[in-house]
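Here is a short briefing to read alongside the model.

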Amino acid sequence: MKKNTLLAFGMVITTVLLSSCNGMPKEIKADEVKEETIYMRSDGSSQVAYVEDFNEKYLNLDELKGYISSELSSYNKKYGDKAAVLSEIELKSGKVKAVLTFKSSEIYEAFNNKKGENNARFIKADKALSEFGELSFIEADSDAGKKKAAGEALSDEYNIAVVKGPVLFQTGDKIKYYSEGNLYDSHHIRVDEGKEAVVVYSK
């Protein structure tokens with residue numbers, strides 16, 4: 001893996017899909033990583049697990065670990081100690097998996113934007129209404145897929161994420177409404193490649 005590949009690392013975000021009946025995990029484990037995922041935890045922090053093909057011809061695992069840690073150090077200087085942390089990294093079968101933890105969605109979004117990736121951004125209701133006011137939203141708790149207008153669904157009472165696929169978006173809190181995607185349960189929604197979903201979830 002060439003070092004500049006890491007600059008686009010935010011494209012591939014991964015973890016295991018767990019059933020909500022088993023409760024949400026406290027953290028992502030690299031050995032459970034299966035699918036592109038963003039995990040927004042109940043305490044406001046987030047975890048992501050990045051996965052890429054790895055060729056030790058260009059870089060060994062220790063060098064990669066040092067490179068990622070160096071990339072994260074600027075966020076710790078700006079946002080405080082352990083604002084962005086490399087929690088776990090492993091190499092198996094030619095794939096490297098790295099789990100990163102961010103203290104807030106703001107820090108994660110700043111990290112993502114630096115690399116030119118906008119696969120998840122977090123906005124307030126007024127901005128959401130100005131961008132997505134024409135959309136209708138599916139009520140997650142409705143078996144019949146009841147729809148509501150944007151004005152009813154988009155509120156600062158909830159968190160609002162704009163998610164670009166392909167990715168599995170996972171939350172520690174319950175999803176209330178969504179504009180697009182395949183809802184697996186009250187904590188997981190899959191957004192396919194080329195699609196964008198507005199996901200409204202509890203604070």
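Predicted model: local features only at pLDDT ≥ 70, side-chain atom pairs only at ≥ 80, totals over all residues.

A polar contact here is a pair of N or O atoms within 3.5 Å; within protein, one atom must be able to donate a hydrogen and the other to accept it, and residues adjacent in sequence count only if both atoms are side-chain atoms.

**The chain overall**
- The chain contains 4 helices and 14 strands.
- Of its 203 residues, 47% are buried.
- Among contacts in the chain with a separation of 6 or more, 62% are between residues 24 or more positions apart.

**Helix α1**
- Helix α1 covers residues 61-79, which is 19 residues.
- From first C-alpha to last, α1 reaches 27 Å, close to the 27 Å expected at 1.5 Å a residue.
- Even so, α1 has a kink of about 25°, centred on Leu72.
- Leu72 is also one of the buried residues of α1, along with Leu64, Ile68, Glu71 and Tyr75.
- An α-helix has 3.6 residues a turn, so residues three or four places apart point the same way.
- The cover over the buried residues of α1 includes β4 (84-92), β5 (95-102) and α2 (105-114).
- Just after α1, Gly80 adopts a positive phi of about 115°.

**Helix α2**
- Which residues of α2 are buried? They are Ile107, Tyr108, Glu109, Phe111 and Asn112.

- Arg121 lies in strand β6, residues 120-122.
- Is Arg121 buried or exposed? Arg121 counts as buried because its relative accessibility is 18%, and the cut-off for buried is under 20%.
- The side chains of Arg121 and Glu131 are joined by a polar contact of 2.7 Å.
- Leaving out residues up to four places away in sequence, Arg121 touches Glu109, Lys127, Glu131, Phe132, Ile160, Ala161 and Val162.
- Glu109, among those partners, is a buried residue of α2.

**The largest pocket**
- The largest pocket has a volume of about 270 Å³.
- It is lined by 15 residues, and those closest to its centre are Ser105, Phe122, Asn159, Ile160 and Tyr201.
- Strand β9 (residues 158-164) gives the most to this lining, with 3 residues.
- Ile160, one of the residues closest to the pocket centre, is also touched by Arg121.

Definitions and conventions:
Residues numbered from 1 in each chain as written. Heavy atoms only, no water. Helix = DSSP H or I, 4+ residues; strand = E, 2+ residues; numbered from the N terminus. Expected span 1.5 Å × (residues − 1). Bend = angle between axes of the 7 residues up to and from the residue. Buried < 20%, exposed > 50% of the residue type's maximum accessible area, 1.4 Å probe, protein only. Contact = heavy atoms within 4.5 Å. 1 Å grid on protein atoms, 1.4 Å probe; cavity = no way out; pocket = protein on both sides within 12 Å on 5 of 7 lines; lining within 4 Å. Points joined across faces, edges and corners; volume = space filled by probe spheres on them.
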